[in-house]
Amino acid sequence: MSTHRYILPDEPEPQTGARLLYVASAQYSEEWNSTLHTHSCAELFFITGGHGVFQVRQERFPVAINDLVVVSAGVPHAETSQDGSPMEYVVLGVEGFETLADRSGRLLLHLPSGGDGVGSCLHMLRQESREEKPGCDRICRSLLDIILLRLHRREDFALSPTAAAVHATRECDLVRRYIDNHFKESLTLDQLAALAHINKFYLSHTFRQAFNTSPISYLISRRIQESRFLLTETDLSLSQIAQILGFSSLSYFSQSFRRLENISPMEYRKQHRQPRHAG
């Protein structure tokens, strides 16, 4: 059995809230003897060659090249190779999240062959961990961020942050407060992510978890909330209101208003505006 293991030094958690603890690779040989065992962190097994069988608790299932198996922390698991097709894999020990697929504590995905960039990132990560050149720990953690962010684009990749990622709530609170105070300005997801010093894909994911909406949807809802006041309490035209609230066009304002209020801005004004009395 040929193995290599690289232990990363301590460092604050990166942008995804997940913290890479180690990178290991293995290739099947006659002395491979895997028995059920557990880890204090989650593990991501990327099958890079051959075929085999994975066991998680009492469940056994086949795996092959381009499969990804995610096992939650503390869940018993083992892996064996198939005769005639030696299995190879790269495993990442990651702290800061748990699987949500079901109560089995595991997630099984089949990745496209080089189509989503995960394979190339994994190749660079394995190369960096083997060479152990200066700065490799930071590069490895950055590559994990990229891998997880790409995987989060899949609808079948469901992970939840654990206590190690609770700090993300503070970042989301910062973004929400900023939107509350600056919703009339032209804001983009890139700007909000830069404000919180996190990746925009991670911001979207954690903000939705915290507030059940995306940052941009929250921004639009704050603008529509303010527009209700302007429609009923001022004589501003719809175009002026749209411009004041940062909408790129009157049509975008009208579409957003109708989507949230189920009525057009003009109809809302007619229904809710109080009669004006001459002084």
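# Worked exercises: loops and strands

You're working with a predicted model, in which local features need pLDDT of at least 70, side-chain atom pairs count only at pLDDT 80 or more, and totals for chains, interfaces and linings use all residues. Residues are numbered from 1 along each chain as its sequence is written, and side-chain values use heavy atoms, with hydrogens and water left out.

## Exercise 1: Get your bearings

Count the helices and strands in the protein chain, then find what percentage of its residues are buried.

Step 1. Go through the secondary structure: the protein chain has nine helices and eleven strands. These are DSSP runs numbered from the N terminus, with helices (H or I) of at least four residues and strands (E) of at least two.

Step 2. Now check the cover. Of the 279 residues in the protein chain, 45% are buried.

## Exercise 2: Two residues with a positive phi

Work out where Glu132 sits and where Asn262 sits, and give the phi of Glu132 and of Asn262.

Step 1. Look at Glu132, which isn't a glycine and yet has a positive phi of about 50 degrees. You'll find Glu132 in the loop between helix H1 (118-131) and helix H2 (136-151).

Step 2. Asn262 isn't a glycine either, and its phi is positive too, at about 60 degrees. Asn262 belongs to the loop between H8 and H9.

Step 3. Is Asn262 buried or exposed? Asn262 has 69% relative accessibility, so it counts as exposed.

## Exercise 3: The neighbours of E3 and E8

Trace the strands that pair with E8, and then the bridges from E3 to E6.

Step 1. Know the rule: two strands pair if DSSP finds at least two bridges between them.

Step 2. Begin with strand E2 (residues 19-27), which runs antiparallel to E8 and is joined to it by eight bridges. Along this pairing, Ser25 faces Val90 in E8.

Step 3. Move on to strand E3 (residues 42-49), also antiparallel to E8, this time with seven bridges. Here Phe46 has Val90 as its bridge partner in E8, and Leu44 stands opposite Leu92.

Step 4. E3 is joined by four bridges to strand E6 (residues 67-71), again antiparallel. Leu44 turns up here too, opposite Val70 in E6.

Step 5. How many residues of E3 are buried? Seven of its eight, which makes E3 mostly covered. Strand E8 (residues 88-95) is mostly covered as well, with six of its eight residues buried.

## Exercise 4: A hairpin and its partner

Describe how E4 and E5 meet, then find what else E4 pairs with.

Step 1. Strand E4 (residues 51-56) and strand E5 (residues 59-64) pair in the antiparallel sense over six bridges. One facing couple is Val56 and Glu59, the latter in E5.

Step 2. Check the connection: E4 and E5 form a hairpin with two residues between them. Arg57, in the turn, has a positive phi of about 55 degrees.

Step 3. Five bridges link E4 to strand E7 (residues 77-81), and the two run antiparallel. Phe54 finds its bridge partner in Glu79 of E7.

Definitions and conventions
Buried < 20%, exposed > 50% of the residue type's maximum accessible area, 1.4 Å probe, protein only.
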